[in-house]
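Subject: Structure for your review

Dear colleague,

Please find below the structure that I am handing over to you. I would ask you to open it first and then to read the notes that follow it.

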Amino acid sequence: MNKILAPSILSADFKVLGEQIRTTYEHGAEFLHFDVMDGLFVPSISFGMPVLKSIQGVAEQVMDVHLMITEPIRYIEEFQKAGADFLTVHLEACEDIKATIDKIHACGMKAGVSIKPNTPVEQLLPIIDQAEMFLIMSVEPGFGGQAFLPESLDKIRALKAMLKERNLTALIEVDGGIYQSNVREVLDAGVDVVVAGSAVFKGEIVNNVEGFVEIFKEYE
Ligand code: DX5
Ligand code: ZN
């Protein structure tokens, strides 16, 4: 399974968002990570369905939507209509995680479940066989540009073992503080999808994307 780069547009220049998204796709980023924040579940507000809708068709990327919002079940249909392919919700934000996952599937999307740094990975066990992706937050959700939390590596390894024991093929995604300098650590721990905001959109986008793609080749 090849490794996947998912640039987070949270760090993009919104004056030229379409152009920057296209550049990431043309140089090898298969996913586009879309960080939705409501100012309630996390202490910041980002963007929502209108922006997601507006970037449909810019590139052929998989729309990897990360909902950092309270009770996301309320917006599943609207994000499907706006173009989400993967819809990831936070375990900590859902009254009923199973019903939320079922609704994501009923709307024809792949389901992701994310946990914050302080949430033990074992809390994913009740739904370990129900989602297509699990997102390990390697920073406290809410802002780009934070430092990677090294304790995330043990959580990634533990999640990889949990999936392997059950012959499950769900993807493992990591989000927060990932750079070319530390990405091998998370890849070695078992990550399939790497979210990177600052490391892609700050500085030379082409070089940044190609740098990750080069490293990913070591894992083919
Ligand atoms: C946190 C956000 C960030 C963002 C990536 O809520 O989800 O993790 O995607 O940020 P960088 O790559 O700039 O650390
Ligand atoms: Zn994210």
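Ligand 1 sits in the largest cavity of this predicted model. Two elements each give two or more residues to the shell around the ligand, namely strand β2, residues 31-37, and strand β8, residues 193-196.

Which residues come nearest to ligand 1? There are 19 residues around the ligand, and those that come nearest are Asp 35, Gly 142, Asp 175, Gly 197 and Ser 198. Sorted by class, this shell holds 8 nonpolar, 9 polar and 2 charged residues.

In one of them, an N or O atom in the side chain of Ser 198 is 2.4 Å from an oxygen atom of ligand 1. Asp 175 also takes part through its side chain, where a polar atom lies 2.5 Å from an oxygen atom of the ligand. Gly 145 contributes through its backbone instead: an N or O atom there lies 2.9 Å from a ligand oxygen atom. How much of the ligand's area does the protein bury? Taken alone, ligand 1 exposes 370 Å², and the protein buries 100% of that.

I turn next to a residue in a helix. Leu 163 belongs to helix α5, which covers residues 152-165. Is Leu 163 buried or exposed? Its relative accessible area is 3%, and because a residue under 20% counts as buried, Leu 163 is buried. Leu 163 and Asp 129 are 34 residues apart along the chain, yet their C-alpha atoms are separated by 8.2 Å.

Finally, two residues deserve attention for their backbone angles. Most residues other than glycine have a negative phi. Glu 71, however, is not a glycine and has a positive phi of about 45 degrees. This residue, Glu 71, lies in the loop that runs between β3 (62-68) and α3 (76-82). Asn 167 likewise has a positive phi, near 50 degrees, and is a residue other than glycine. Where does Asn 167 lie? Asn 167 is found in the loop between α5 and β7, the latter being residues 171-175. With a relative accessibility of 69%, Asn 167 counts as exposed, because the cut-off for that class is over 50%.

Yours sincerely

Note on methods: Residues are numbered from 1 along each chain as its sequence is written. Chains are lettered from A and ligands numbered from 1 in the order in which they are written. This is a predicted model: local features need pLDDT of at least 70, side-chain atom pairs count only at pLDDT 80 or more; totals for chains, interfaces and linings use all residues. Side-chain values use heavy atoms; hydrogens and water are left out. A residue is near a molecule or strand if one of its heavy atoms lies within 4 Å of it. A polar contact is a pair of N or O atoms within 3.5 Å; within protein, one must be able to donate a hydrogen and the other to accept it, and residues adjacent in sequence count only if both atoms are side-chain atoms. Accessible areas come from the Shrake-Rupley method with a 1.4 Å probe; for residues, only the protein chains shown count as cover. On a 1 Å grid over the protein atoms alone, a cavity is a set of points where a 1.4 Å probe fits but cannot get out, and a pocket is an open set with protein on both sides within 12 Å along at least five of seven lines; lining residues have an atom within 4 Å of a point. A molecule sits in a cavity or pocket if more than half of its atoms lie within 2 Å of its grid points. Helices (H or I, at least four residues) and strands (E, at least two) are DSSP runs, numbered from the N terminus. Ala, Val, Leu, Ile, Met, Phe, Trp, Tyr, Cys and Pro count as nonpolar, Asp, Glu, Lys and Arg as charged, and the others, Gly among them, as polar. Buried means under 20% relative accessible area, exposed over 50%, partly exposed in between (1.4 Å probe, protein chains only).
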